[in-house]
Each structure stands twice: as structure tokens, then as C-alpha cells.
Amino acid sequence: MASTLTCHMEKDCAGTVTYIDNKGYVYCTVHGCMRRSIRPCRRLTPAELERLENGLTISYTPKAVDEPSVAPFADMPESAKRNRALDRWRKS
Ligand SMILES: [Zn+2]
């Protein structure tokens, strides 16, 4: 299926859109790399491309979702959590 997104650099550019600049214009890989030398420009993620093709908007600034949002002790094994609780109980 052909993408509905078209490169903004050249009217008839047939390149697949993979880049976005900080003004929200999208570009193919070649033109995105060229654009990057004069304006902040970054690669689009597959999820963002999908959103754009569905007519949805995305923000240039990477979403906070990309940041590791790990709850404290989330990666701690259950046994370690139990030991911590046990230590606290012993001291009280
Ligand atoms: Zn292009």
C-alpha cells in the first residue's frame, strides 16, 4: 500500500517519508538528511508514521513515553522486596 505521506522538499519526490523537522514538515530519508543540516530534523518512528498516515498529529518533541518510566523498585525481584520488608520489620 502506497503511503499517503509525501516528501515536502520536492513536489514530485517519490521517496518514502521517514523524517520530520521541527516545523512539522516531513521528508524522505535523502531530503531529511539534507534538511537536518539547516534545521532540527529527526527520524520518525514507525508508530509516528502510522499516526501521520491516519491523519493524526504528532509532536516534534519526542514524547515522554520514550523516557524510561520505571516505578521505584519495579525491576527488583519479588524476593528482594520481601527481604526489604523483613529488614524493616526486624528493626522495628
Ligand atoms: Zn524527498
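Trainee: What percentage of the contacts in the chain with a separation of 6 or more is between residues 24 or more positions apart?

Mentor: One sorts contacts by their separation in sequence. In this predicted model, residues 24 or more positions apart account for 22% of the contacts with a separation of 6 or more.

Trainee: Which residues form the largest nonpolar core?

Mentor: Begin with burial: 15% of the 92 residues in this chain are buried. The largest nonpolar core has 8 residues, namely Cys7, Val17, Tyr19, Ile20, Val26, Tyr27, Cys28 and Cys41. Two elements, β1 (17-21) and β2 (26-28), each give two or more residues to this core.

Trainee: With which residues is Tyr19 in contact, leaving aside its neighbours within four places in sequence?

Mentor: The contacts of Tyr19 include the core residues Val26, Tyr27 and Cys41. Tyr19 is also in contact with Thr29, Gly32, Arg35, Arg42, Arg43 and Leu44.

Trainee: Why does Asp21 count as partly exposed?

Mentor: One counts C-beta neighbours. Asp21, which lies in strand β1, has 19 of them inside 10 Å and therefore counts as partly exposed; a buried residue needs 20 or more.

Trainee: How far apart in space are Asp21 and Pro40?

Mentor: Their C-alpha atoms are 5.7 Å apart, although the two residues are 19 apart in sequence. Beyond its neighbours within four places in sequence, Asp21 is in contact with Pro40, and also with Arg35, Arg39 and Cys41.

Terms used. Residues are numbered from 1 along each chain as its sequence is written. This is a predicted model: local features need pLDDT of at least 70, side-chain atom pairs count only at pLDDT 80 or more; totals for chains, interfaces and linings use all residues. A nonpolar core is a set of buried Ala, Val, Leu, Ile, Met, Phe, Trp, Tyr and Cys residues joined through C-beta atoms within 7 Å. A residue is buried if 20 or more other C-beta atoms lie within 10 Å of its own, exposed if 12 or fewer, and partly exposed in between; C-beta atoms are placed from the backbone. Helices (H or I, at least four residues) and strands (E, at least two) are DSSP runs, numbered from the N terminus. Two residues are in contact if their C-beta atoms, placed from the backbone, lie within 7 Å.
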